[in-house]
Amino acid sequence: MRLPILNGENYAEWLELFELTLGCINLDLAINEEKPKDLTDESTPDQRDYYAKWHRSNNMSLRLIKANMSRTIRRSIPNKPTAREYLDAIKKQYVSTDSSTVSTLIAILGAINLVQKVMDIALFSPSSLFSGDDDGTPEEETVGTHQSYEERSHKFPGMDLLIREFSFHQLNANLLWPGTFSFAEWLLQHCSWLEGRRIIELGSGTGALAIFMQKSFGVDITTSDFDDEEIEENIAHNCRVNGITPVLPHIRHTWGDTFPKIEPDWDLVIASDILLYVKQYPNLIKTLSFLLKSYKPKYEKAGIDLALPQPAFLMSWRRRIGKEDEELFFSGCENAGLAAEHIGSRVYCISPRQTSRVDK
Ligand SMILES: C[S@@+](CC[C@H](N)C(=O)[O-])C[C@H]1O[C@@H](n2cnc3c(N)ncnc32)[C@H](O)[C@@H]1O
């Protein structure tokens with residue numbers, strides 16, 4: 001049995017498989033039973049036996065957990081002496097404390113159709129459950145270095161695109177998310193809204209949507225994502241294999257951090273499927289507020305379609321997370337002076353409050 005790599009999205013699935021694996025190989029003692037007291041001269045043979053078994057289980061469980069999580073996630077979890085405490089620390093990180101556990105689990109279950117996909121491309125799973133087992137190799141060197149890449153052809157409206165995905169990224173930038181295809185359809189139907197606008201995409205992931213838009217509509221589009229070289233390189237690769245050279249401009253930026261451009265001049269910000277991270281909403285809203293409120297148009301242009309305010313943020317959000325979590329994003333926008341409007345097909349238009357959308 002192979003475990004998927006814990007990637008920040010698949011916590012529930014990963015935990016279930018982890019516990020099942022430990023049970024199957026009879027190593028679940030440290031997960032299910034209390035840590036035994038330290039041995040003394042008076043300890044009985046049974047106590048000594050239990051002590052040895054518990055510590056072996058604890059040691060192997062810790063190694064198994066660490067061998068099956070991405071290196072970046074692993075760095076974010078403080079070391080703990082017991083596997084149980086380590087699992088609790090992971091849970092704390094990945095199950096939102098801002099919202100009810102139930103709604104978070106619903107969100108995770110909602111993504112379950114992706115888990116199979118994640119597992120399909122999880123060629124990187126350590127070849128044995130305990131990579132680096134007892135060979136003296138430091139775990140840091142052997143864990144999380146098995147990144148692998150797979151290029152697949154994806155059908156977009158009017159074209160096939162070759163998109164390279166990779167095996168893991170803690171924020172899921174490695175995968176092309178299915179919501180992209182319906183947003184691409186929607187954008188095709190509303191392409192007049194894009195005319196003459198300079199566009200930036202947040203959370204571009206593989207870059208597929210931006211590549212589609214550039215090829216389909218010839219728009220001036222910049223990709224952006226978490227400050228990470230791997231994502232940038234993958235987007236550049238995807239540009240090249242789809243004939244976009246030079247590659248699309250890309251901005252490495254983690255939401256909430258100071259934006260690398262002092263005067264943002266994008267008339268339109270777009271994003272697809274970026275509301276998974278409830279704890280990131282304040283940072284995302286901070287970045288959006290900056291892009292929309294500090295906007296200075298690069299060119300004075302006439303004739304931009306007024307169906308959309310300028311600037312505006314167009315966001316497609318098709319995944320279902322708990323209503324309460326979703327509401328946190330929209331109320332956060334409201335509090336930041338941004339008006340959000342659902343304009344159909346789960347596409348939202350968000351803009352500074354005074355420039356709300358003019359209906360056609
Ligand atoms: C679910 S993926 C969607 C990727 C792509 N839009 C798609 O639909 O295929 C979410 C994207 O948001 C990005 N993201 C998440 N948190 C971020 C943060 N704090 N700062 C910048 N980007 C972030 C991830 O790196 C990832 O590319």
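Me: How many bridges join strand E6 to strand E7 (residues 312–316), and in which sense do the two run?

Reply: Strands of a sheet pair through backbone hydrogen bonds, either parallel or antiparallel. Here E6 and E7 run parallel and are joined by five bridges; two strands count as paired if DSSP finds at least two bridges between them. Within this pair, Leu268 stands opposite Ala312, and Ser272 faces Ser316. The model is a predicted one, in which local features need pLDDT of at least 70 and side-chain atom pairs count only at pLDDT 80 or more, whereas totals for chains, interfaces and linings use all residues. Residues are numbered from 1 along each chain as its sequence is written.

Me: Which strand pairs with E6 over three bridges?

Reply: That is strand E3 (residues 198–201), also in the parallel sense. Glu201 has Ile270 of E6 as its bridge partner.

Me: In what order do the strands of the open sheet lie?

Reply: The seven strands follow the order E5-E4-E3-E6-E7-E9-E8, with mixed pairing. Strand E5 (250–252) and strand E8 (338–342) each have a single partner strand, so one side of each is left without a neighbour in the sheet. In total, the protein chain has 13 helices and nine strands, taken as DSSP runs (helices H or I, at least four residues; strands E, at least two) and numbered from the N terminus.

Me: Are the residues of strand E6 (residues 268–272) buried or exposed?

Reply: A residue is buried if 20 or more other C-beta atoms, placed from the backbone, lie within 10 Å of its own, exposed if 12 or fewer, and partly exposed in between. Five of the five residues of E6 are buried, so the strand is largely enclosed by the rest of the structure. Leu268, Ile270 and Ser272 point one way, while Val269 and Ala271 point the other. Across the protein chain, buried residues make up 36% of the 360 residues.

Me: Which residues have the most contacts inside the largest nonpolar core?

Reply: In soluble globular proteins, nonpolar side chains tend to be buried together. A nonpolar core is a set of buried Ala, Val, Leu, Ile, Met, Phe, Trp, Tyr and Cys residues joined through C-beta atoms within 7 Å. The largest has 56 residues, and those with the most contacts inside it are Phe212, Leu268, Val269, Leu288, Phe313 and Leu314. A second, separate core of 16 residues includes Leu6, Leu22, Leu27 and Leu62.

Me: Which residues is Leu268 in contact with, leaving aside its neighbours within four places in sequence?

Reply: Contact requires C-beta atoms, placed from the backbone, within 7 Å. Leu268 is in contact with Leu194, Arg197, Ile199, Pro311, Ala312 and Leu314, once those neighbours are left aside.

Note on methods
Two residues are in contact if their C-beta atoms, placed from the backbone, lie within 7 Å.
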